[in-house]
Amino acid sequence: MRATVIEFLGSNCDHDMVYFIRDVFKIETEVVWFTERDLKNPDIVLLPGGFSYGDYLRPGAMASRTPAMESVREFAKRGGIVLGVCNGFQILCESGLLPGALLRNKTISFICDDVYLKAENRETPFTSMVDRILKIPIAHGDGNYFCDEKTLEVLEKEKRVAFRYVSPDGKIDDNWNFNGATNSIAGVLSENKRVLGMMPHPERACEKILGSEDGKLIIESVISFLEKTDG
Amino acid sequence: MKGKIYVYLKKQVLDPQGKAIENALKSLGFEEVKSVRVGKFFEIETDSSFSGSAKERMKEYCKKLLVNGVIEDFEVEAVEE
């Protein structure tokens, strides 16, 4: 298995993402600069979090229109696995690979806290191993997922909501939906379920010393998916 | 050409920033304030290398980058020179 992490101007969770994949999982990992078109033949592309272009214009707007993202679009079209975290999720929405948009948090404030996530569809490349409620941190100012009603209906019907914010005991509760996301949506899948965007940071929940290892279940799911499809 | 581009959040999109400003105005004693929505304003000037319709060109800027059609609407005022 080979992974590629794309670095944009201003990405600041890129090293966390590389550490997560290369050091924790020992997966061969390439780092590709946003001006490059060659993704180095990955099995998974990861778009890290962290304020590319200073969030100027709209979060993810400028990063989504870079040469590397053109290649990511083609990679996704061929059925490639793509995971975008936080700003990576915003970039996926801005690039049209995922529907909807991430609005300012309902509280207007930047929120840095642990959230609890429920995998709503276990039959995806990212969730097959997610057999419990996940505790994973968020750190964002614009994470309030929004889409129009028609899109929302399609997402729910096609089971493309990967994760929802829930209470620690797994119940949907507005008090645990800190950013005000529509239908408590924390992560969204593409039509073929191979592109996932999520606001919480699994790479920040990958070792006991960080307070949670729950983020690993997402990559373990991807590994298991790729092993099955390769075999 | 020169253009002015106004970008608004769509009506059905919540604007918590606007809401906070609305409340701040009210707390300053402007009790008549009913609603505030925050948008963006771009002033764009180009060189003379483009000679087509200024308005259509500015609309392209919007669609390609300046506006996210999922959440925003826009208006363009443009003049050829």
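The following questions and answers go through a predicted model, from the contact between its chains to single residues.

Student: How many residues does chain B give to the contact with chain A, and how many does chain A give?
Tutor: A residue takes part if its heavy atoms come within 4.5 Å of the other chain. By that rule both chains contribute, chain A with 14 residues and chain B with 16. The numbers asked for are 16 from chain B and 14 from chain A.

Student: What share of the area buried between chain B and chain A comes from carbon and sulfur atoms?
Tutor: The area buried between the two chains is about 1,200 Å². Of this area, carbon and sulfur atoms give 68%.

Student: Which elements of chain B each supply at least two residues of the side that touches chain A?
Tutor: Across the interface there are also five residue pairs in polar contact. On the side of chain B, two helices and a strand each supply at least two residues. They are α1 (16-27), β2 (40-45) and α2 (54-66).

Student: How do the residues on that side of chain B divide into nonpolar, polar and charged?
Tutor: The division concerns the side of chain B that touches chain A. Three of its residues are charged and three are polar. The nonpolar residues number 10.

Student: Which residues of the largest nonpolar core touch the most other members?
Tutor: This core has 69 residues. One of those with the most contacts to other members is A:L83. Leaving out residues up to four places away in sequence, A:L83 touches A:I44, A:V45, A:L46, A:L47, A:F126, A:L196, A:M198, A:I218 and A:I219. The residues asked for are A:I6, A:L46, A:L83, A:L117, A:Y145, A:F163 and A:I218.

Student: How many residues are in the second, separate core?
Tutor: Among its members are B:F42, B:C62, B:L66 and B:V67. The second core has 11 residues.

Student: Is A:S190 buried or exposed?
Tutor: A:S190 is found in the loop between β10 (185-189) and β11 (195-198) of chain A. Not counting residues up to four places away in sequence, A:S190 touches A:L97, A:L98, A:R160 and A:V195. Its relative accessible area is 6%, and the limit for buried is under 20%. A:S190 is therefore buried.

Student: Which backbone nitrogen does the side chain of A:S190 reach?
Tutor: The distance is 3.3 Å, and a polar contact requires N or O atoms within 3.5 Å. The backbone nitrogen belongs to A:R194.

Student: How many residues apart are A:K135 and A:D114?
Tutor: The two form a salt bridge, with the closest N and O atoms 4.0 Å apart. A:K135 lies in strand β7 and A:D114 in strand β6 of chain A, so the pair links distant parts of the chain. A:K135 is partly exposed at 25% relative accessibility, and A:D114 is partly exposed at 31%.

Student: Is B:E22 buried or exposed?
Tutor: B:E22 forms a salt bridge with B:K26, the closest N and O atoms being 3.0 Å apart. Both lie in helix α1 of chain B, four residues apart and so separated by about one helical turn. B:K26 is partly exposed, at 31%. B:E22 has 5% relative accessibility and counts as buried.

Student: In which helix do B:E56 and B:K59 lie?
Tutor: These residues form a salt bridge at 3.7 Å between the closest N and O atoms. B:E56 is partly exposed at 43%, and B:K59 is partly exposed at 26%. They are three residues apart, about one turn, in helix α2 of chain B.

Student: Which residues do salt bridges that share partners join into one network?
Tutor: The structure holds 18 salt bridges over all chains. Those that share partners join residues of chain A and chain B. The network consists of A:R58, A:R65, A:E94, B:K40 and B:E72.

Key
Residues are numbered from 1 along each chain as its sequence is written. Chains are lettered from A and ligands numbered from 1 in the order in which they are written. This is a predicted model: local features need pLDDT of at least 70, side-chain atom pairs count only at pLDDT 80 or more; totals for chains, interfaces and linings use all residues. Side-chain values use heavy atoms; hydrogens and water are left out. Buried area is the accessible area (1.4 Å probe) that two parts lose on being put together, summed over both. A polar contact is a pair of N or O atoms within 3.5 Å; within protein, one must be able to donate a hydrogen and the other to accept it, and residues adjacent in sequence count only if both atoms are side-chain atoms. Ala, Val, Leu, Ile, Met, Phe, Trp, Tyr, Cys and Pro count as nonpolar, Asp, Glu, Lys and Arg as charged, and the others, Gly among them, as polar. A nonpolar core is a set of buried Ala, Val, Leu, Ile, Met, Phe, Trp, Tyr and Cys residues joined through side-chain atoms within 4.5 Å. Buried means under 20% relative accessible area, exposed over 50%, partly exposed in between (1.4 Å probe, protein chains only). A salt bridge is a side-chain nitrogen of Lys or Arg within 4 Å of a carboxyl oxygen of Asp or Glu.
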